[in-house]
Amino acid sequence: MSVSTHVLDAVHGTPATGVGLAVVDEHGDVVTTGITDEEGRAKELLPDDAVAGVYTLVFDTAAYFEQSGTQTFYPEVSITFIVLDVDAHHHVPLLLSPFAYSTYRGS
């Protein structure tokens with residue numbers, strides 16, 4: 001099973017580099033942490049022994065916007081999703097701006 005994300009800054013039309021994130025399991029335990037790379041991507045966010053279940057990606061948007069002196073309404077964005085097929089790849093993109101965000105099931 002694999003999980004990845006891609007964060008795009010909708011205001012600047014660029015990848016959101018340096019966004020801190022955590023993956024939390026359905027019990028509230030942090031499974032892994034990471035940071036988006038220069039392309040706004042974070043890959044392989046679950047360990048090899050991860051199991052099917054409910055996970056939440058938590059993005060530290062406050063720190064990201066603070067770097068540029070931009071106020072934001074959402075200090076963090078949490079996206080909860082279900083992993084049913086442990087053999088499938090799960091891509092969870094985030095389109096981000098200071099006062100809105102959207103996501104979808106990517107490929």
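Where does Leu84 lie? Leu84 sits in the loop between strand E7 (77-83) and strand E8 (89-91). Helices (H or I, at least four residues) and strands (E, at least two) are DSSP runs, numbered from the N terminus.

1. Basis. This is a predicted model: local features need pLDDT of at least 70, side-chain atom pairs count only at pLDDT 80 or more, and totals for chains, interfaces and linings use all residues. Residues are numbered from 1 along each chain as its sequence is written, and side-chain values use heavy atoms, without hydrogens or water.

2. Strand E6. Six of the seven residues of E6 (residues 53-59) are buried, so the strand is largely enclosed by the rest of the structure. Buried means under 20% relative accessible area, exposed over 50%, partly exposed in between (1.4 Å probe, protein chains only).

3. Pairing. E6 runs antiparallel to strand E3 (residues 20-25), with five bridges. Asp25 stands opposite Tyr55 in E6. E6 also runs antiparallel to E7, joined by seven bridges. Strands pair if DSSP finds at least two bridges between them.

4. Surface patch. Val54 has Ile82 in E7 as its bridge partner. Val54, Ile82 and Leu84 form a nonpolar surface patch, with about 310 Å² of accessible area together. Patch residues have over 30% relative accessible area and no salt bridge; like charges are joined within 9 Å, nonpolar side chains (Val, Leu, Ile, Met, Phe, Trp, Tyr) within 5 Å. Leu84 is exposed, at 73% relative accessible area.

5. Backbone check. Glu44 is in the loop between strand E5 (41-42) and E6. Its phi is near 50 degrees, a positive value in a residue other than glycine. Most residues other than glycine have a negative phi. Glu44 counts as exposed, at 58% relative accessibility.

Terms used. Accessible areas come from the Shrake-Rupley method with a 1.4 Å probe; for residues, only the protein chains shown count as cover. A salt bridge is a side-chain nitrogen of Lys or Arg within 4 Å of a carboxyl oxygen of Asp or Glu.
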